[in-house]
Amino acid sequence: MRKDVRILLVGEPKVGKTSLIMSLVSEEFPQVVPYRAEEITIPADVTPERVPTHIVDYSEAEQTDEQLSSEISKANVICIVYAVNNKKSIEKVTSHWIPLINDNTDKDSRVPVILVGNKSDLVEHSSMETILPVMNQYTEIETCVECSAKNLKNISELFYYAQKAVLHPTGPLYCPEEKQMKLACIKALTRIFKVSDLDNDGILNDNELNFFQRTCFNAPLASQALEDVKNVVRKNVIDGVCDNGLTLKGFLFLHILFIQRGRHETTWTVLRRFGYDDDLELHQDYLFPLTLKVPPDCTTELNHNAYLFLQSVFDKHDKDRDCALSPEELKDLFDVFPYMPWGPDVNNTVCTNDQDWITYQGFLSQWTLTTYLDVQRCLEYLGYLGYSIISEQESQAAAITVTRDKKIDLQKKQTQRSVFRCNIFGDSGSGKSGFLQAFLGRNLTRQNIVSEEHMSYYAISTAYVYGQEKYLLLHEVFPDFDVLSDTDLACDIVCLVYDASNPHSFEYCARVFKQYFMDTKTPCMMIAAKSDLQETKQLYALTPLEFCRKHKMPPPQAFTCNTADAPCKDIYTKLTTMAMHPHVTQADLKSSTFWLRVSVGATVFAVLGFAMYRVLLKQR
Ligand code: GDP
Ligand code: MG
């Protein structure tokens, strides 16, 4: 909402502009007034809308035309004052003042105008008959009011209307000519309805209405009031109420009613609470709260609360309860966004089901990825979903944990992070993408049906370390880089992938390692991909095994995704474990107890899977 309101009074001499201002301030009619009142500022706490308000007088006798023009362009709302007993002053409203105001204001951002008929104490009849046609003709006229500076009639009302016209303009909400709500307003209210419809059944039931009422107006609706509202809707619109709850149609009708009855501040309160600005766009402060600072060597993760919220968003849209989002369900979920945020590459970044629909786990993984790579975007997305409102948080930023500096993790030899980044290097054709896709449970046959343009350079899923769920984020680094960016270098673990069946493949890994990672503390792992094919001798001075020994790396890990079932996931658990324990020396890594602990963790998880059955069968 605006920081302050500037009200300008114009009109013919002697209609009572100065008297109106003086009457407001002193609460009595001044017998003698100057030509022009000094500009006064009413402090926020004594105005009805709690916004500092400046009131500016105009006097032809004291001011030039230039000064008048400048005041008009500075004003947020203009009161054109006429005297009800003075025909000429009424005529001048349309012949002089409205055109003058239009000449001095932007076509796009017209200031609201209020017509003020002063000296109502002097006449019996009302000037409304003359004024109403004028009101209908000029849409910039917000309202009209008759008052008397002498009797103090309608004086505070006049200034209240003026304030309201600025703070809660009808312009963006309603088209008076067509007697209809404007499209942008319908769109915004529809989004608000969808966010508030917590169970996504297309109806706001009493619970949801009460929550809505509480978030917007800080007070629940008395049950009788709730019934009254529903009855009004029932009487006026077919299908406005359904199963004793409000439908979208009914919800929109209520707001049209508010607006038509001059209670548009109600609609504005709702819109603003849900993050909209005066142009009915979501406010930048709402989408991008500034409170979040991410120092270097820190990462961004979603906290428990945010995952709970995202779970509820998923559940709300997984209507058939198959734990995956069909294209229709996904479209419905993103209906509250101004654009579709996820492209087809997301399906190749996270786990999907047999129909290639994003699973529950995949859904949370993608959010985790966005939070990690681009926290601003994540905040924006959470804003569209109404996170801060539904979760009753100060801002979207409450969803984010900024992890502590990695250097402290290293010192303390432990980490509180739950997302670890693994950068994958390897010559082209070495099997990097296969390694990424295998993490999503896809074997080679399954990978081959993915079109090249929908491929992703990221893959993210969970791995269990000591029974704890962690996210591992794999990133494939483009092999033909000139220089490595900081993010390519800064990761928790590096994978060097070579094609065990191609004699020229290993050299690349050795080169990247020596050039970039030999002298860093980042743990590295060598992957001998395509282990289903015939292994050949690598054309390099050392064999991969010798190379790993020399540089105190674990031995190369044989890997294949050319499997009948889903590829084996052990390697990813190993990588996550190494990423979590960068302080563990290579000597520790070689010791069997370390890996035993790791594999115990893996087994705990495997209890749930088929792997365990196989182990049991073998033992028999
Ligand atoms: P301005 O030139 O528009 O600022 O008008 P003034 O405030 O100077 O008022 C012009 C004259 O109208 C003064 O003599 C006021 O006392 C008188 N006047 C202003 N308001 C009223 C009103 O509400 N009723 C009556 N009867 N006289 C008024
Ligand atoms: Mg005056």
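K552 lies in the loop between α22 (544–550) and β21 (557–558). Helices here are DSSP runs of H or I with at least four residues, strands are runs of E with at least two, and both are numbered from the N terminus. K552 has a positive phi of about 55 degrees, although it is not a glycine. Most residues other than glycine have a negative phi. K552 is exposed, with a relative accessible area of 55%. Buried means under 20% relative accessible area, exposed means over 50%, and partly exposed is in between (1.4 Å probe, protein chains only).

This is a predicted model, in which local features need pLDDT of at least 70, side-chain atom pairs count only at pLDDT 80 or more, and totals for chains, interfaces and linings use all residues. Residues are numbered from 1 along each chain as its sequence is written, chains are lettered from A and ligands numbered from 1 in the order in which they are written, and side-chain values use heavy atoms, with hydrogens and water left out.

N200 also has a positive phi, near 55 degrees, and is a residue other than glycine. N200 sits in the loop between α6 (183–196) and β9 (203–204). Its relative accessible area is 8%, so N200 is buried.

Now turn to ligand 1. The shell around it holds 17 residues, and K14, T18, S19, D121 and A149 come nearest. A residue is near a molecule if one of its heavy atoms lies within 4 Å of it. The shell divides into six nonpolar, five polar and six charged residues. Here Ala, Val, Leu, Ile, Met, Phe, Trp, Tyr, Cys and Pro count as nonpolar, Asp, Glu, Lys and Arg as charged, and the others, Gly among them, as polar. Helix α1 (residues 17–26) gives the largest share of the shell, three residues.

One is 2.9 Å from a polar backbone atom of G16. One is 3.3 Å from a polar backbone atom of V15. One is 3.0 Å from an N or O atom in the side chain of K119. Taken alone, ligand 1 exposes 580 Å², and the protein buries 84% of that. Accessible areas come from the Shrake-Rupley method with a 1.4 Å probe; for residues, only the protein chains shown count as cover.

The magnesium ion is ligand 2. Its protein donors are T18 (OG1) and Y35 (O), lying 2.0 to 2.1 Å from it. T18 lies in helix α1 and Y35 in the loop between α1 and β2 (40–42), so the pair ties together parts that are 17 residues apart in sequence. Donors are N, O and S atoms within 2.8 Å of the metal (3.2 Å for Na, K and Ca); water is not among the atoms, so sites may look incomplete. T18 is buried at 7% relative accessible area, whereas Y35 is exposed at 54%.

Next comes N423, in strand β16 (residues 419–425). N423 is buried, at 0% relative accessibility. Its side chain makes a polar contact with the side chain of R421 (3.0 Å). A polar contact is a pair of N or O atoms within 3.5 Å; within protein, one must be able to donate a hydrogen and the other to accept it, and residues adjacent in sequence count only if both atoms are side-chain atoms. The backbone oxygen of D488 lies 2.6 Å from a polar atom of the N423 side chain.
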